[in-house]
Amino acid sequence: MTGGILWLSLILLLISSVTRRSGISSAGWVLLGAYWLMEAWHYASIKDYFNVMVVVGAAAISFSFGWRILSMGMSETAEWISMAAAICGILYFPFAEVQSLSEILIRWTTLLTFWLLAGLNVPVSMESWNMLALNGRSVEIVLACTAIESIALFAGVILSVRAPRTRRLGALMLSTATIYILNIGRNAFVLLAYGEEWFGQDSFYLAHNVIAKVGSTLVLLLIAYMVFAILPELLMLIDDLFAELRASRRPEV
């Protein structure tokens, strides 16, 4: 059911960015918000409260976009954000929903992490296609460890901007390659911290759930700044988007 809601929302958003029909776009955003709310239950069940806050925030933003587009119509900004959301989803969710694609990406990420640590003379071992071990402590590489979410987000936002192709390709290569390479380093850091017990008994929790998440957030902000420098059109679109959201919340007189 969750997957059906997701794909329907993405199809509606993609259609609306071409047809400029506000009703279709609004329905797509509302369905996308419902999907994010359902994901919050999943993250709460595994006690990943950081991602709970992220998906609840994503749901609130989706519902806001849906309301704004329904009440004010389909502007150029709404057309852009609808297409960006559709591209992000189409790039990411095949890996999340199709097991064979997910396994290919996870296997490749596991291998790169292993090669990085082995190249640094760390006595790491591969216990299985997605499991690395150091000093008897194992870490499983899952889809979230591949950075595909962040890569899809940046790719969707960049590819949907109306700007010269060379600058879009430059921003795309800079952001996605940087994110993936740094993510390999992140995986290596978590395994090193856990395997070597850098932070005591809570080494995995502190390395994975605190340090790596905070560090990743700061790095993504820095990458976003570089993308804005290459594509100032994107910054203008985001500024217009917030201006429209603020305008939609003002009471009419």
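1. Let's start with Ser203, which is buried, with a relative accessible area of 1%. Please keep in mind that this is a predicted model. Ser203 sits in helix α8, which covers residues 203-230. Leaving aside neighbours within four places in sequence, Ser203 is in contact with Ala193, Tyr194, Glu197 and Trp198.

2. Val210 also belongs to helix α8, but Val210 is partly exposed, at a relative accessible area of 33%. You will find Val210 in a nonpolar surface patch of about 830 Å².

3. Now to helix α5, which spans residues 99-119 and has 21 residues. From first C-alpha to last, α5 reaches 30 Å, close to the 30 Å expected at 1.5 Å a residue.

4. Which residues of α5 are buried? They are Ser102, Leu105, Ile106, Thr109, Thr110, Thr113 and Leu117. Seen down the axis of α5, the buried residues fall within an arc of 135 degrees, so they line one face of the helix. On the other side of α5, Ile104 and Gly119 are exposed.

5. What covers the buried residues of α5? The cover includes the helices α4 (76-97), α6 (148-159) and α7 (165-195), along with the strands β1 (125-128) and β2 (131-134).

Note on methods:
Residues are numbered from 1 along each chain as its sequence is written. This is a predicted model: local features need pLDDT of at least 70, side-chain atom pairs count only at pLDDT 80 or more; totals for chains, interfaces and linings use all residues. Side-chain values use heavy atoms; hydrogens and water are left out. Helices (H or I, at least four residues) and strands (E, at least two) are DSSP runs, numbered from the N terminus. Buried means under 20% relative accessible area, exposed over 50%, partly exposed in between (1.4 Å probe, protein chains only). Contact means heavy atoms within 4.5 Å. Patches are made of residues with over 30% relative accessible area and no salt bridge: like charges are joined within 9 Å, nonpolar side chains (Val, Leu, Ile, Met, Phe, Trp, Tyr) within 5 Å. Accessible areas come from the Shrake-Rupley method with a 1.4 Å probe; for residues, only the protein chains shown count as cover. A salt bridge is a side-chain nitrogen of Lys or Arg within 4 Å of a carboxyl oxygen of Asp or Glu. The expected span of a helix is 1.5 Å times one less than its number of residues. The arc is that of the directions from the helix axis to the C-beta atoms.
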